[in-house]
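Keep the model open beside you as you read.

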Amino acid sequence: MSPLFTAIVIILALLAVIGIVVGVANDAVNFLNSALGSKVAPRRVILWVAAAGILVGTLTSSGMMEVARSGVFYPGEFNFQEIMMLFLGMMLGNVLLLDLYNTLGLPTSTTVSMVFGLLGAAVAAALFHIADDPGMTIQQLSQFINTGKAMVIIAAILLSVALAFAAGTLFMYISRLIFSFRYAPVFRRWGAVWCGISLSGILYFALFKGLKSSGLIPTSVSEYVGEHVLLTLLAFWAVASLVLWLFQRMRFNIMRITILSGTFALALAFAGNDLVNFIGVPLAGYDAWQIAREAGSETLMMGELANPARVNFLLLGISGVIMVLTLFFSKKSQHVTETELSLASQHEGDERFGSTFISRSLVRATLVLNNLWTGIIPARVQRGINRRFEPLPVEERSSAPYDMIRAVVNLTAASILIAIATSYKLPLSTTYVVFMVAMGSSLADRSWGRESAVYRITGVMAVISGWFITALGGFLIALGVTALLLWGGWIAVAVLTALCAWLLVRSHRKTPELKEEVAASPLEKAETPSEVLHTCIGEVCGTMQEVTRIYNRTLVAVFKENRKVLKEMVRDSEHLYEEARARKYDLTPTLRRLQQCDIDTGHFYVQVTDYLSEVTKALIHITRPAFEHIDNNHEGMSKEQIVDLMRVNDQVEAIFDKVNTMLSSEDFSELDVVLEMRDRLFDTIVEAIKNQLRRIHNDPQTSTRASVLYLTILNETKTMVLQSRNLLKSQLYFLQEKESAKTQQPA
């Protein structure tokens, strides 16, 4: 046996581990988001419930391994060398494709990526085989490939997208009509029956979808259930409703039980059915290597792979442990879950996606249809429906993206759809169903208001288009990689494996930072004018200190042409700007939170928000051009320019220090001193600009780009200081009004 094929088996084993990691990072959204979105329990509890489902499901997944061995191509048509390169090419391409999606934060179907990756790799291997055999022609390609499988997957994409979205919309609309957002009184009466429907669908899904290939359920039982699906669901509903009614009388939160049960069931089904997407191909490669080694031939045809796979529970158990560890520690899995949660959130705020012509057109068309619909429905009925969908006041809402009613609907609709599809042998994608149900329920729940609809439709379209690109991308990448491996031999194996490793490491290092989950901000908790004042002072002081630090380090880095520090300062300044931008988007909800305060308090916060935003915007207009200048290797600052800018920097730092001291101490006795310092700084800036104009006039060789950067820094510095002075004046006026109001109050 050639060492090359032994090395390929080792590489496949490593790729299996990587495949599990990137696969779980992608698919964690399927079974975590309903529990995370409703905050039904602490994140660690949710992860432990999902981990239990994964470990159980992993040990039941052996029956699905034939898909990777003979589901897409006919292994008997390929020899050992071709089949090993086919498996390696598919895994290299598949891992890179899924990792790219995880980095972008977009969920996709690992089933589609595996099937089309295998299809592309098989086409490449078939073309190589045909080219190597003079007696064969390209017309004989069909005898190598099971083309019907690809057509079924494509049809399943279209079916699952439309069906899941419609089901999620319908189920959520009916549920909200029944319970409204103030669901507690109605839920006490009908909650057990309603959750019984959910739990029965979830149990059916877990038993006859998640454990269908485990061998734990007798064949006779499975056949009977398959023939009597409706009767089985009704029996489950009756039993589940009775049990939940008893739990409800014992003061248990039955929605929490239902949501966590659904999380367990979806995690179980994911591990039981989708593990093949990650380790099926490496295990098939290992089996092929064993078959060839026992036969003592490297040209052996691989027809034996069409036989049932041999179960290795040790490997399945190890895979389950890796999946659980990935679930707990992968940042990319959390990044992917953010996409669905942001698109389904009930709260207003900064949107992750932008606006497109198609999304704007769809929103306009929907508004027109809505006007037509409201013209048909009687006004009294409309008012009754609107009352059911009237959201809670801001002060009564939790920080969860949506409530438990919607979480139960998401789990129920997804579980029942996948279970029914399985009983009719329809290959629906778990990812597609779960995601589209969540989008449909958020639409029906009126989370997509006029303020956010256009952005969220853009996000959904981006995810859906990514699903179709998965098929094409998986096919083309695997086709190209496998072709290079077959024609390049061991050199191609070494180069492509090293390239894949480098790209994965590079991608991991560039994973976007996750937003920390924090409690309500101090400003949201503030109620009295004094508390608002104190909180705003803290925000202002913290921001101004950061501005001072970033501004100083940026100028020093420009002087020293330190690209690394400038890149860091761009990142820090963008973070400050995003905070200020988020503060602007949260302005209205914050003012509602402060409705018990007087108007002056709200006016002060509006001013602070605007001034801080302008300061951070001016800072970004300094750091970005500075980094681009040095990054493009343009000529640095001259000694004269450095001297002028150092003088400006010293004065800016002194002003900001004085501003921070006055804000934190609430002592504005030196306000005129700051005004004098500002005027001196402006004189210095004017003199620096005149010096630069003289240098340009006297020396025609003066660097144009360095001059533009120099003048940009001076002008934006002036803007920063102006806005900080305005901020200080706003603070003073607020304190004066507050004291005046106190003296006018009757004794």
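## Two helices crossing

Is the crossing of helix 2 and helix 11 left-handed or right-handed? The crossing of helix 2 and helix 11 is right-handed; that term applies if the near helix is turned clockwise from the far one by less than a right angle, and left-handed if anticlockwise. Helices here are DSSP runs (H or I, at least four residues), numbered from the N terminus. This is a predicted model, in which local features need pLDDT of at least 70 and side-chain atom pairs count only at pLDDT 80 or more, while totals for chains, interfaces and linings use all residues. Residues are numbered from 1 along each chain as its sequence is written, and side-chain values use heavy atoms, with hydrogens and water left out.

On the helix 2 side, the contact (heavy atoms within 4.5 Å) includes Leu47, Trp48 and Ile54. Helix 11 contributes, among them, Leu316, Met323 and Phe328. The contact residues divide into 12 nonpolar, 3 polar and 1 charged; Ala, Val, Leu, Ile, Met, Phe, Trp, Tyr, Cys and Pro count as nonpolar, Asp, Glu, Lys and Arg as charged, and the others, Gly among them, as polar.

## Salt bridges

Side chains of opposite charge can pair when their charged atoms come close. Counting a salt bridge as a side-chain nitrogen of Lys or Arg within 4 Å of a carboxyl oxygen of Asp or Glu, the total comes to 12.

Within helix 19 (residues 529-560), glutamate 546 and arginine 549 sit 3 residues apart, about one turn of the helix. Their closest N and O atoms are 3.0 Å apart in a salt bridge. Glutamate 546 is partly exposed at 28% relative accessibility (buried means under 20%, exposed over 50%, partly exposed in between, with a 1.4 Å probe and protein chains only).

Aspartate 631 and arginine 563 also meet in a salt bridge, at 2.6 Å from N to O. This pair links distant parts of the chain, 68 residues apart, with aspartate 631 in helix 22 (residues 599-631) and arginine 563 in helix 20 (residues 563-585).
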